[in-house]
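Please open the model in your viewer and keep the selection panel at hand. The tour below moves from one selection to the next and says what is to be found at each stop.

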Amino acid sequence: MRTAAPAIGESIRQPVIDASVLQRVGGTPLLELKGIAPNGCARILIKVESANPTGSMKDRMALAMIEAGERAGRLKPGGRVVEYTGGSTGVSLALVCAARGYPLSIVTSDAFSSEKRSHMAALGAQLTLVPSIGGGMDAALTRAMIEAARQITERTGAFWTDQLNNTDQLTAYHAMADEVWEQTDGRLDAFVQSAGTAASVRGIAEALRRRKQRIHIVAVEPKESAVLSGGKTGVHKIEGIGAGFIVPLWDADIADDIATVSTEEAMAMARRLAQGDALFAGTSTGANLVAAIDIGKRLGKDATVVTVMCDSGMKYLSTRLYGGSA
């Protein structure tokens, strides 16, 4: 039996077939949280970055850094790429490099989840592990990883994406801010994001402020290592944030507030999110939500606060966050 022809003026829906997994980076949903937002709190919206191919917002910046290297001629066809990472950036770079045909050397540590290391290796990355002290993240570990990446770069002549200093990634977060603006129709009063390299909070805040100057920006850091707010460096277990020193991409003028959240508070909130709103996320997302709810209470129920679900909880099943021993 033949299907009737479409009426005049009716569009014919064409199947969408992507040429590469990289075309699925970005365009993530924005979701209103109903389960964990308390009474009297602002509306809390969360950008669900687990919808990216590796389950992380870092897919955006990894693609931006590689494409910038290609355009500048610093990354030649088949050339090696090097990076130091707590895991999510490494997984994202492994995805991009596998899709583009670049060998990848990653420097990481046992301080970060085994799932991330296994994911990087599965995508073809060669791993160098720098041991931590007791599985914690601190300034000494960050600097040791940086030095190991520098040595690999010198030895191999590779292209070092150098995420701690690389401003090419900011364009990826400007684009993410444009998505948030369109999804909220410009109706947001505050934006909350944790700071690791500080590229995401800086890039998103810059782009939002170009459209609306009076958006309240909150940067989030570990309470155990609250260096951005003038505290002492220390050891924490919120993966992906809190380098332990003032990072080069940090711009103190971009944030109206710096919220400090402990590892335990962040883990507890991530577990609440899973059960209250059925979103399975990592510890940095928990930290974001502790700070987002705090500013939401201060702004009141008529306001809108946007924050970020940085990655998927699938990356943390072996860790203490979800019952593991690490």
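Begin with the second largest pocket, which has a volume of about 160 Å³. A pocket here is an open set of points on a 1 Å grid over the protein atoms alone, where a 1.4 Å probe fits and protein lies on both sides within 12 Å along at least five of seven lines, and lining residues have an atom within 4 Å of a point. The volume is the space filled by probe spheres set on the points, which are joined across faces, edges and corners. This is a predicted model, in which local features need pLDDT of at least 70 and side-chain atom pairs count only at pLDDT 80 or more, while totals for chains, interfaces and linings use all residues. Residues are numbered from 1 along each chain as its sequence is written, and side-chain values use heavy atoms, with hydrogens and water left out.

Now select the lining, which includes Val-25, Arg-60, Ala-64, Asp-168, Thr-171 and Ala-175. H1 and H5 are the elements that give two or more residues to this lining, and the largest share, six residues, comes from H1. Helices (H or I, at least four residues) and strands (E, at least two) are DSSP runs numbered from the N terminus.

Next, display helix H1 (residues 58-72) together with H5, whose axes come within 8 Å and cross at roughly 135°. The axes are lines fitted to C-alpha atoms, for helices over the stretch in contact, and angles run from 0 to 180 degrees between N-to-C directions. H1 is therefore oblique to H5, since angles under 35 degrees count as roughly parallel, over 145 as roughly antiparallel, 65 to 115 as roughly perpendicular and the rest as oblique. On the H1 side, select Lys-58, Arg-60, Met-61 and Ala-64, which meet residues of H5 including Tyr-173, Met-176 and Glu-179; contact means heavy atoms within 4.5 Å.

Leaving aside residues up to four places away in sequence, Glu-179 touches Gly-26, Gly-27, Thr-28, Lys-47 and Arg-60.

Finally, go to Asp-162, in the loop between strand S6 (159-160) and helix H5 (170-184). Asp-162 has a positive phi of about 50° although it is not a glycine, and it is buried, with a relative accessible area of 17%.

Key
Buried < 20%, exposed > 50% of the residue type's maximum accessible area, 1.4 Å probe, protein only.
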